[in-house]
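The following explanation goes through one chain and then its contact with a second chain. Please keep the sequence and coordinates at hand while reading.

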Amino acid sequence: MNIMKAIYNFIVGDIIILVGVLLTVVILVLINNLSVLAPLRIVSGGILIVAVLAILIATLSREAFSKH
Amino acid sequence: MQWTALTGAFLASAVEFVEAFTIVLVVGVTINWRSVGAFAAAATLAIIVATFGVALVQLVPLDILRLIVGVLLILFGLKWLKKAILRYSGLKALHDEEAIFEETMAEVRARGEATTSRIEPFGVALSYKAVLLEGLEVAFIVITFGTSVASNKALGIGSAAVGAAIAGLLVILIGALVRTPLKQIPENTLKFIVGIMLTAFGTFWGGEGLGVTWPSSDAFLLVLVVLYLLVSFILVIWLKQTKQQRVIGVAKSYKEQNTQKQQEIPS
């Protein structure tokens, strides 16, 4: 458990960034592999950029509005 | 030579090595310079880069490699960018090398360590750990950044490793000359630039790994860098304003509380 925590802290150390990036990857993999979502493939680059910026804003907002 | 890999790794390494140098300096000053285990840590890092670098390049298929490296670069990039933005906006204190130096020195002295000519295991362990921990992030960046920016992956890792080595030597050289914590180096600016670079390259390569076709091919990297820079500047301004509003809010409520207390006191 301690090793997992150390790896998590070393690579990212922020749950919003980790979950956000992984969620984005899953969504893009689905868009890329499911034929139902094929029309979205053309905007997958845009989705990735917007997701990265949204994650950054979300994690900074948490720091800015936290009670500490 | 792959200049993008070299520059990125140089900047990232400069930040981390400056932080590691502060601890090394404490050991050198309080115990002795023979007890500095920094070179052993540097050798360990070189082995890590060589082993993982070669394994990644030779064993992992290109598409999967791009995706893994892209995701790791985004994670690292956002982590660095977040810290730098918080420090610029004043929500997080700037990294103070002098304070860390004083604090670590007090800890070493409290342990009863004194200047000696012998090699002290505690000094070796402390400096080895500092350089290894700070350098591990550099090793990761050298491998991921090196494999992502160049079409020839071995050349990319080699260039990134050269950039990291130059930064390390430069920090050692400057440190040996001044023998004080390197507080003049603009650590936060370096961290900000590296954060932007890692996030932009991560988005680009992660996207390619996920089947995204970027308009204008490699030139789109520049668009990503400019976009992330612009958004980051806006975020710094927004966070500064948020902080100011919070300070004003706290001051107001404090004033109100004081007025209320004064009214409650019977005249």
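In chain A, 24% of the 68 residues are buried (20 or more other C-beta atoms within 10 Å of the residue's own, with C-beta atoms placed from the backbone). The model is predicted: local features need pLDDT of at least 70, side-chain atom pairs count only at pLDDT 80 or more, and totals for chains, interfaces and linings use all residues. Residues are numbered from 1 along each chain as its sequence is written, and chains are lettered from A and ligands numbered from 1 in the order in which they are written.

Chain A has three helices and zero strands (DSSP runs, H or I of at least four residues for helices and E of at least two for strands, numbered from the N terminus). Its C-alpha trace spans about 45 × 30 × 15 Å along the principal axes.

The contact with chain B involves 24 residues of chain A and 23 residues of chain B, where contact requires C-beta atoms, placed from the backbone, within 7 Å. On the chain A side, α3(A) gives the most, with 13 residues.

One helix pair across this contact is α2 (residues 15-33) of chain A with α3 (residues 62-89) of chain B: their axes come within 10 Å and cross at roughly 150° (lines fitted to C-alpha atoms over the stretch in contact, with angles from 0 to 180 degrees between N-to-C directions). The two helices are therefore roughly antiparallel, the term for angles over 145 degrees. Ile17(A), Val21(A) and Val25(A) meet Val71(B), Ile74(B), Leu75(B), Leu78(B) and Lys79(B).

Key. Parallel < 35°, antiparallel > 145°, perpendicular 65-115°, else oblique. Contact = placed C-beta atoms within 7 Å. Buried ≥ 20, exposed ≤ 12 C-beta atoms within 10 Å, placed from the backbone.
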